[in-house]
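Visitor: I have a structure to look at, and I would like to go through it with you. Could you walk me through some of what it shows?

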Amino acid sequence: MVAHGEIHVVHRGGNKINFRETVITNDSRFLLCASGESVKVYSSSSEECVHDLQGHTDLVSGIVRNPSNHLQVYSCSADGTVRLWDFTDGILIKTFIIGYPIYSIYISENHGGVVFVVVPMANDKSSELFQLVAVHLPLSGDQEVEARELSAVLCDVSPSGAASFGRKGEYIAAVKGLQLEVFFFKKQKSHRFFLKSGNKKGAKNAFTCVSCHPKEDCIATGHEDGKIRLWRNFNQKKEYTYSTLHWHHGAVNTLQFTPEGTNLLSGGIESVLVQWHYTQENQKDFLPRLGGAITHIAVSPDGSLFCTSHSDNKITIIQSCVKVSAIIQGLVKGEGVRTDLTIDPRSKALVLNGKPGHLQFYSLHRDKLLYNLDIVQQEYIHEEGLDQFEVVKAAFDTRGNWLATVEERTQKGSELEINLKLWAYDEQTQSFMLNTTVTAPHEDQITAMCFSPSPETTMLVTISFDGHFKAWLLADHSDTKEGACWSCDFVGGYHHLKPGCCCFSADGSLLAVGFQEVVTVWSPSWELLTTLSQPPGAIRDLCFGRLSCSKYLLGTSTKNQLCCWNLLTCSLEWSTPVDVSLLQADPLSENMAAFCSQSGCSDLFVFKPGEPRPLYSQKALCTGKVQRAVFAPRDQMLESCEEHAQWLNRSQLYFFTQHMDLMTFSTKTEEDRLLASSKRLMVDDSVAVTPFYLLLGKHRQQQEALTNPMAERIQLPQGSIAIKELLYTPAHVLPSASFLCSMFVRSLLISSSSASEEKEPVEEEMESEEEDSEGEAELRDARQDLGGSAAWGPGEELGAPALTKAQERELRRVKHFDHSWLSSVLEC
Amino acid sequence: MGEFKVHRVRFFDYMPTAIRAMAFNAHTERLALGRMDGSVEIFNFADRYFQEKVIPGKDSRSIEALCWVGGRLFSAGLNGEITEYDLETLRPKYSLEAYGGPIWTITSNSQGAHLAIGCEDGTVKLFEVLEESIQFERNLDRQKGRIISLSWHPSGTQIAAGMMDMIRVFDVPTGRAVQRLLVDRGFGGSKSRETVVWSVVFLSDCTIISGDSAGKVQVWDGHTGTLVKTHLVTKWDVLALSVSKDESSVVVGTSEGTVIQFQFIAPTLQQQQDKEWVRTRTFKNHTHDVRALAEIETAIVSGGMDTQLVVRPLLEKFDERSHASALRKIQFPHRNLVFCAKKAGLLLFQFPGQLELWRLGESDGHGKPGDSLPLKRKPEKLLHLKRKGEDHICCSALSSCGGWLAYSTMSSVRLYRLQTDNNDISISKVPKLPKILRSAHQLCFSSDSSKLFAASSQSSVLVIALSQSECKYVHTLKPKSGSRQPIHLMTNSVDGKWLATANSDCEIHVYNVQKLKLHCIVPVYGSCPSAMGIHPTTNNLTMVHADQQIFEYSIVEKQYTDWSRKLQKQGLHNLWLDRDTPVTHVTFNPKNPEQILLHDMHMFCIIDQSLPLPDQKTQFYNQMTLRSLSEQERPSHLHAFKICKTFQDLLSVSLLDDQSLVMVERPLLAITCQLPAPVRQKKFAT
């Protein structure tokens, strides 16, 4: 996006996977979906991501199969290119440069060498009108080809997914608003059909989607009021006719005919997949409870696999319309993040509210939803205008043993309902268990909440609009059966002012609470130590400095002030007039990140409180205010020598833009490393590459190689060499048969030695896991050494008292063979 | 607009009866409609669906099916008789016993030479259509079980008959049954119940389409007798079927009140072979059973248990939007059922079986416009007069003084003398009526109650002089044109000099009652007059036609008035012309001679002749705008048509002599409430 030296703002993880229709490959093994700036290839059986096809520099806006090669797909993007991929190997084959931002792509096997793309009418992104154009893809051997031969097909189409090719590609049907337009390629003529807006009687006739019957001339259109119309005879201006099917009560989001045209699939807000039998329209099958509004339906070319995309960033794979076989879940993004972004200290996962009433744990490194934690523990009823409990706050303590959540429900005309819940981490179940529920912990909305970081006490502070802040302590009732539970320890306030934010210092020795214009600083024994104030403007955000800068307290106010107080002198160190919308402290360094909003854009400053000059600044990061951001610790420290990129060494800054896109900052070295690793990790495509897989897979491979009959068969020639030498040696030089026998038997003893080998690496593995910090390279070395010694060991023990030199040589050779084979196994 | 005291009358419990059968004559563009009570209505589809003629019912008569042969109308019913109607005298010409038990269906072949009827005893009887009557020809092979529906093959050589659980195809020349198509029974509990093939059509390519009580529409090959396709359209019955003239579309009516269209469509656009019947559109305009259905050139006409006639235009047949392309529902009859004694404040309500006389309520309160005044005396039902005999009442009249009451059935006219002293009412039948007064299409008293005018056959009017002691035949007024059509409108002037009559040939005659001779004939206009009235002071005749045109004719000068010419020159506003119900009443305001009061079902209008006429650009419905304007601005926005839509579902509007308006409303909801419960349907979210 915006380049600044080496640091880029990139999409990494948490992308929408339901943005466009997924594509199922011909053999139904893979699923391709647009995910941010890349195309993800999922295995349809194991639901793991197999490849991440990277190359586009802007949002990928469509994928289609290449009809002439079933191993290839075309993808289009807002960066103005169409790219051809080999998805089995994840290779970019060709790039066609169109030069206009592309919003969707259509292809028909009857139009060879042509793709149909939707581009803006005027050549700028802000244009509201779109047209469908045919692009002739030039035949050229080059990697990058300019395709400039465009011809307009339809004007004024909808930018997303509202067009469909008819039988044998003879026509294309597109819908927008209240108009259905059918363009016949042969006659180069289009027919338009209009519906009345029909606002009376609750009928909303606007088209939402379209699908053409593959074998007959019938167009199915979906409408906002839940009706499906089947159009026939549409080559006539007046004599056209349509029939209406009605089951959906909300808008029909998507329609798809099965490849043979025997069924029509439809989906909408009801999260029910409806299968209509073509020509027997009053017979229909349902697949209910799919969990979220259906936005797209894809059908595999053989019709055996359906794939529905859902509004909660989920892809469901359905086998023959009866069974949900797999679910691919992305980061659930609702209308907004009510809870702040937090990092689970244990799993290093990003935690935010996801499904209604749930907290989701999302692994940023693996770009995968780990699990959902049901906070509200109530049945969610899907109904418009019904007020439900929502998770609004979540906080972890420093070690990740405790999780505090706040849920609230506002009902019109009744009081606010708030619940504070505290969850303890259970080692056995590896998840959070509800420990304490506090109903109505405050009389008004809880505005902020934080755990004390001090190791001695487990304390939670909640502050609320009712003018109080409360400290909750874990009281150990060892006499009762229940064990520890939480109770209120202290209620504080300041001149009946409404507190807005709170922050603990890094060692937990100070608590700062912002009461409108005044910052109060409290000791752990609840003495008011000092008050700091810098009017005008209420305090919006508070942050203590870390490590070497722990003497500083930073605050932002609503009147565009960023202040820094020195807590030793209790005076203002510096202040600067910027409109900071969000202030975040890096828990692993002194660095602070401040997002400022200026003239519709957000700027970022990264600075140390003690230094006057910012470490890094980026203007015009994205449009709109950045409201949520978090520093996520890296699993591996980055060695970056560039000065302005050093702040990214220990942790990564993630933030949500206005449009709920999760963005992060990445450096050049990091990208290089990623690229390198992605090249290195070329493995069997049916199994996803995860660190766990790499760890386990190595181990299993080794095991397999050892126990595998295949491996033994490789071994056989080696054994036979010994036998061959034994047999072809002239009889007169042979030692006694009894000796030979034992040698011969010994030469076959490899299996027993490998059996012992098998055990020991396991033990080693466990050790290395405990050590944890050791790299994999070291582990491999150790194992190799060990394997060698293990191979040698038994041989020596078994050694006979006397051997001829030749025999000894023979024996050694056998062992040599053995060893080289083993090491080769280990290396692979 | 002017201020009136309004009597808002809602105690007229008018209840139309359900539609049972329908037949459309494409040649004359007339639709014949048979109702449950045995009455037949003729609608002129070329003239804005105007209800031209009504043949009153009879207790013993029932209509199961109607059939046109040329211009002749036949009906058959469960009483086992075939009836031909005389459309000039509006009475049955003759009835013929078919001797086959109740008759379920009657249909004519396309040549118009034969009628086929389906009887309860399982016979299909053929009748030959003769010049003046019909004659039984022969029976086709007798079957077990009743014949519910019949359809001729267009060639006239075969007949398909819908029966219980099966369809039979008969060869007409031999009378043999050549095919036997078995119709499946319904699923579940209805398995044990016989399937009734309610309706069947035989297409020229030998395709048979049937609709049955299991909710199926089935397409059969008539050559081989095989089932081609089954469409399950409803859980209930498919009651009616109708095919378009070019046989490219079939409509079916179901018990759920839906009308479903099937079209004969090729699956691909290029080749037009292998066409198949595909279910396309669904129309839901009825709440109850759709019993009768006709697909005409440009529209689908349907009627059923919910008593309304619905004309649903097929929009693809129209090039532009107009009054003809709008959905039309005909709920009320296009003639008066309410008569008002202007001096006495009495209302007469005409039902098919009785007459009701009511006295209006009184109030002496005052209030702001829009207020409802407290009643001093409640409206009171004075009289409930049951008719004598089997025939239904076809017309009635009440003199404006309230002293005379008359009604006519098909067979007799009765005249009563009413005497009201304070709260007592006495009624006495006038014993000896002139012999010539046998029946009347319209009755009308002169304003001084000295004469009774009775519209008789061949557009003639009988004049009867009334006095306390006797009533005496005076004269027969005959038109010069020699029209044989019945009179459907009659009005006389306040000064008692003029009488105007209108007949179904659109002729309007003005008679001089004093001289007892024809005064003049108003130039014939192409549309039937739906209402007319003679102005009390100027003696101008105001006529409103079915196509919404308004004319004013000066009787004295025997020519159109200047205002009428101006109106015709400028043209009426499109919004006026596009209204879908005809004006059924014209009255005048004696206090303000400039004002003409009209009403149709949905609005009440005062035409002020002193104000400028609206042109196409002026806002037509301007009462709300006027109300928001200040006194100074108002005059510039006024135009002649002042329309009030406060009162809906109007049956009658009249102005009493004490300047209070009587609005007789019959809310459609009240009619719907009295209908039997519709079939149970699962509705979403219930």
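Visitor: Leaving aside neighbours within four places in sequence, which residues is B:L598 in contact with?
Guide: Contact means heavy atoms within 4.5 Å. This is a predicted model, where local features need pLDDT of at least 70, side-chain atom pairs count only at pLDDT 80 or more, and totals for chains, interfaces and linings use all residues; side-chain values use heavy atoms, with hydrogens and water left out. Residues are numbered from 1 along each chain as its sequence is written, while chains are lettered from A and ligands numbered from 1 in the order in which they are written. With neighbours within four places left aside, the partners of B:L598 are B:V544, B:I550, B:W576, B:V583, B:H585, B:V586, B:F604, B:C605 and B:I607.

Visitor: How many residues does the largest nonpolar core have?
Guide: A nonpolar core is a set of buried Ala, Val, Leu, Ile, Met, Phe, Trp, Tyr and Cys residues joined through side-chain atoms within 4.5 Å, and buried means under 20% relative accessible area, exposed over 50%, partly exposed in between (1.4 Å probe, protein chains only). B:L598 is among the residues with the most contacts inside the largest core, as are B:W576 and B:F641. The number of residues in this core is 22.

Visitor: Which residues of helix α1 of chain B are buried?
Guide: Helices (H or I, at least four residues) and strands (E, at least two) are DSSP runs, numbered from the N terminus. Helix α1 of chain B covers residues 562-570. Its buried residues are B:W563, B:S564 and B:L567.

Visitor: Why do the buried residues of α1(B) line one face of the helix?
Guide: Look down the helix axis and take the directions from the axis to the C-beta atoms, which define the arc. The face turned away from the buried side carries the exposed residues B:D562 and B:K569. The buried residues of α1(B) line one face because they fall within an arc of 100°.

Visitor: Is A:S35 buried or exposed?
Guide: A:S35 sits in strand β4 of chain A, residues 30-35. Beyond its neighbours within four places in sequence, A:S35 is in contact with A:N15, A:K16, A:I17 and A:K40. Its relative accessibility is 2%, so A:S35 counts as buried.
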